[in-house]
Amino acid sequence: MKKLFIALLLSSPLVALSQQPLKLWYNQPAKRWTQALPVGNGRLGAMVFGRPDDELIQLNESSLWSGGPVKGGMNPNSPSYLPQVREAIFAGDYQKAQELSKKMQGHYSEGYLPLGDIRIKQNFNGSVSNYYRDLNISDAIATTRFTINGVTYKREVFSSAPAQVIIVRLTASKPNQLSLKVLASTPLKNRKAVTGQNTILIKGSAPTHVDPSYLGKKPNPIHYDDSLSKGMRYAWVTKVLNKGGAVSADTSGISIKNASEVTILISAATSYNGFDKSPVTEGKDELAISRKYLAGAITLPYTSLLAAHLADYHHYFNRVSLKLNNNEAVSLPTNERLLAYTKGDKDAGLESLFFQFGRYLLISSSRPGGIPANLQGIWNNETRPPWSSNYTININAQMNYWPAETANLSELHQPLLRLTGELAITGKTTAKEFYNLNGWVAHHNSDIWAMSNPVGDGTGDPMWANWSMGGDWLCRHLWDHYLFTKDEVFLKNKAYPLMKGAVDFTLGWLVKDKDGYWVTAPSGSPENAFKDENGKVGTIALGSTMDMSIIRDLFAHFVTASEKLGLDKALRDTVIARQAKLLPFHIGKKGNLVEWYKDWDETDPHHRHVSHLYGLYPGEQISPVTTPDLAAAAKKTLELRGDEGTGWSKAWKINFWARLLDGNHAHKLLRDLLHLTGEDGTNYASGGGTYANLFDAHPPFQIDGNFGATAGVVEMLLQSQTGDVYLLPALPDEWKSGVIKGLKARGNYEVGISWAEHKLAKASITSVAGGICKVRSNWPFKLAGNAASAKKDGESYLLSFQTQKGKTYQLLADK
Ligand code: FUC
């Protein structure tokens with residue numbers, strides 16, 4: 001025990017000890033799912049409602065999906081349509097190209113499923129007072145507290161990564177007050193048993209296929225194999241431990257009478273054994289796994305489970321702290337605080353809480369060795385969730401990981417990087433089957449089986465279904481992971497081979513246009529439509545700006561990597577030759593960055609996607625410092641698109657405006673996103689905001705906006721995409737003073753910055769990997785203990801200095 005506490009203290013840097021705990025808190029139980037509070041250990045997730053007499057804890061296990069490994073042979077005729085599609089495109093018949101593209105589609109992705117619900121029924125004789133519930137994101141614990149008849153009841157819930165179980169602990173201020181019943185249920189097919197006196201076991205299987213909810217209610221939207229033996233298996237064990245009182249069980253649940261303390265341990269696992277293994281015939285022993293974790297947890301006292309959980313969580317969370325305008329304390333419940341902010345109150349404390357909440361969610365939904373965070377992270381209570389709660393890789397899954405490197409959670413990037421490697425395997429089959437090409441390709445959707453084919457089964461809209469740049473985009477994550485970590489082994493063994501495979505596909509995929517430029521065809525711009533010069537509406541043409549930007553990115557990174565590694569000279573030369581003739585950016589008649597091959601108008605000028613600005617963010621091809629003309633066109637484009645949009649669209653725009661060095665506009669978008677919405681249902685185009693539990697609202701709930709906002713706050717405070725470490729590049733007027741510690745910059749620098757009176761005060765840069773560090777700031781500065789001052793460079797100041805591995809450098813404001 002003692003050892004664990006010492007470990008805990010050592011793992012908490014002083015930055016964190018000096019902070020108040022960060023909390024979301026409420027004075028009412030959750031009435032809706034989007035008011036409940038999420039906990040998670042990357043694998044086991046729970047949504048805690050905090051209801052006194054009928055507590056609901058909704059559960060998830062990250063690998064519980066419908067379906068099984070992707071089978072090839074979906075659409076052998078597909079390659080024969082590619083020349084026809086291209087012929088139509090080059091003839092300017094985009095409508096025909098769109099129709100023919102549907103002939104090159106395969107099946108839809110599978111869906112992420114809920115595990116079930118725990119209910120705790122507790123009959124009280126009396127009314128509730130002093131009700132309080134919170135989610136402490138400094139410790140990753142959800143607590144509910146209330147008083148009835150002079151007894152204060154407390155329930156704490158956390159999902160432990162070290163123990164791999166969810167722990168619910170119930171206590172009361174007086175002895176023997178806990179009389180309750182624990183129930184467990186699941187919407188999936190199952191067999192339930194109550195074993196011994198205090199254990200509920202649920203075993204079952206997932207559907208063999210779940211149709212996406214946007215396909216409506218087909219006769220069989222959820223496909224079960226009748227024998228229950230073809231879907232992924234799951235097992236879920238709930239054990240109730242009591243101190244004092246008596247325990248008994250029947251088939252409906254476990255009852256506790258007059259206990260002083262109750263601990264519920266929840267353990268679950270599935271037979272998922274990797275993207276390419278049948279979860280039925282080659283599956284893991286889900287029951288043995290869940291029993292093993294449970295057996296481990298039972299041997300430990302609650303205090304040890306808690307200490308191990310805290311040490312593990314703090315290891316990630318405490319790396320970054322943020323104080324904005326002294327984080328003024330606001331003594332309102334979070335829903336009311338959000339409402340006041342929505343109505344116009346200033347609340348920099350809420351903004352920094354929202355920033356850290358994104359980090360909390362990534363730590364809770366994505367762990368090394370685990371499954372990547374999906375559209376809802378790991379939190380989903382529907383058997384047919386919106387967009388199957390899958391991986392949408394034309395923006396959403398990537399956005400989930402935008403803060404991973406910059407907000408100092410690099411290890412948590414790993415599940416997405418691994419999925420990229422899996423996509424390179426299924427994507428090789430897809431490239432051959434659908435286009436008869438080498439290398440690997442992924443389209444706009446994926447799932448736990450790393451499916452990579454265009455979806456739609458012949459009826460999907462090609463503007464999303466047939467977009468073929470998902471894999472190339474993911475390669476940017478590999479490259480960025482390298483730039484942030486400088487991990488040469490990762491670059492050589494993991495990143496480079498995958499980038500090379502994507503390059504192989506892309507070289508085969510590009511065709512020459514009439515002017516001799518290399519372009520993609522078919523090509524859409526997710527997910528907007530254009531009006532061509534004849535006034536006809538289309539979605540599929542050639543050389544969309546997003547496609548070309550992603551390819552420019554991939555080629556540039558590949559060339560640098562292959563030079564660095566001294567590999568594949570011939571291939572590199574081919575890529576360099578192609579780079580010179582890739583269709584360039586075009587500036588349009590309105591001063592905009594052109595979205596498609598020609599300066600066509602959009603059918604929806606305020607469309608939520610801003611795909612053609614990929615080169616501004618996440619790419620590094622457009623910047624006010626290096627390409628001012630393109631940056632001005634990007635700005636015009638954003639002005640024309642407007643600030644409205646879905647949650648993730650607003651989050652993307654925070655990042656765009658930060659990259660344009662316009663902190664006030666970035667901050668305005670952050671405000672727009674942090675807008676309380678109680679909306680039910682779905683809005684495909686706009687209305688994005690934030691629910692009472694600070695989950696991002698597309699609407700519906702989609703977690704990408706949370707992560708995108710966290711990434712956006714970093715981009716306002718620190719950027720490093722164009723070769724320098726840019727301190728406070730986009731500081732909004734509203735953030736007059738502040739301190740940020742622990743951010744990461746490319747080159748593997750750890751950066752802390754303080755500012756006052758809206759000016760840089762000082763910064764510290766720890767060079768983890770050594771090398772020459774270039775620092776930029778909008779204010780004059782110098783290196784402490786060194787005569788060198790930063791020199792004026794355009795609008796800002798720049799200083800380069802040699803760093804030594806492991807050393808920290810102090811920078812001070814200069815006159
Ligand atoms: C894309 C977006 C939608 C939604 C879905 C999951 O198709 O256009 O708005 O985010 O992904």
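I started at Phe-530, which stands opposite Gly-538 in S25. I note that the model is a predicted one.

I then looked up how the strands around this pair are joined. Strand S24 covers residues 530–531 and is linked to S25 by two bridges, the two strands running antiparallel. I traced the sheet they belong to and found an open one of three strands, ordered S25-S24-S26, with antiparallel pairing. Strands S25 (537–538) and S26 (601–602) are at the edges with a single partner strand each, so one side of each has no neighbour in the sheet.

Next I turned to the ligand and listed what surrounds it. I found Leu-375, Trp-387, Thr-392, Asn-396 and Glu-527 around the ligand, together with Arg-608, His-609, Trp-648, His-698 and Gln-702. I sorted this shell by type and got three nonpolar, five polar and two charged residues.

Which side chains place an N or O atom by a ligand oxygen, and at what distance? I recorded 2.6 Å from an oxygen atom of the ligand to a side-chain N or O atom of His-609. For Trp-648, I noted a polar side-chain atom 2.9 Å from an oxygen atom of the ligand. For Gln-702, the entry reads 3.0 Å between a side-chain N or O atom and a ligand oxygen.

How much of the ligand's accessible area does the protein cover? On its own the ligand has 280 Å² of accessible area, and the protein covers 97% of that.

Definitions and conventions
Residues are numbered from 1 along each chain as its sequence is written. This is a predicted model: local features need pLDDT of at least 70, side-chain atom pairs count only at pLDDT 80 or more; totals for chains, interfaces and linings use all residues. Side-chain values use heavy atoms; hydrogens and water are left out. Two strands pair if DSSP finds at least two bridges between them. Helices (H or I, at least four residues) and strands (E, at least two) are DSSP runs, numbered from the N terminus. A residue is near a molecule or strand if one of its heavy atoms lies within 4 Å of it. A polar contact is a pair of N or O atoms within 3.5 Å; within protein, one must be able to donate a hydrogen and the other to accept it, and residues adjacent in sequence count only if both atoms are side-chain atoms. Accessible areas come from the Shrake-Rupley method with a 1.4 Å probe; for residues, only the protein chains shown count as cover. Ala, Val, Leu, Ile, Met, Phe, Trp, Tyr, Cys and Pro count as nonpolar, Asp, Glu, Lys and Arg as charged, and the others, Gly among them, as polar.
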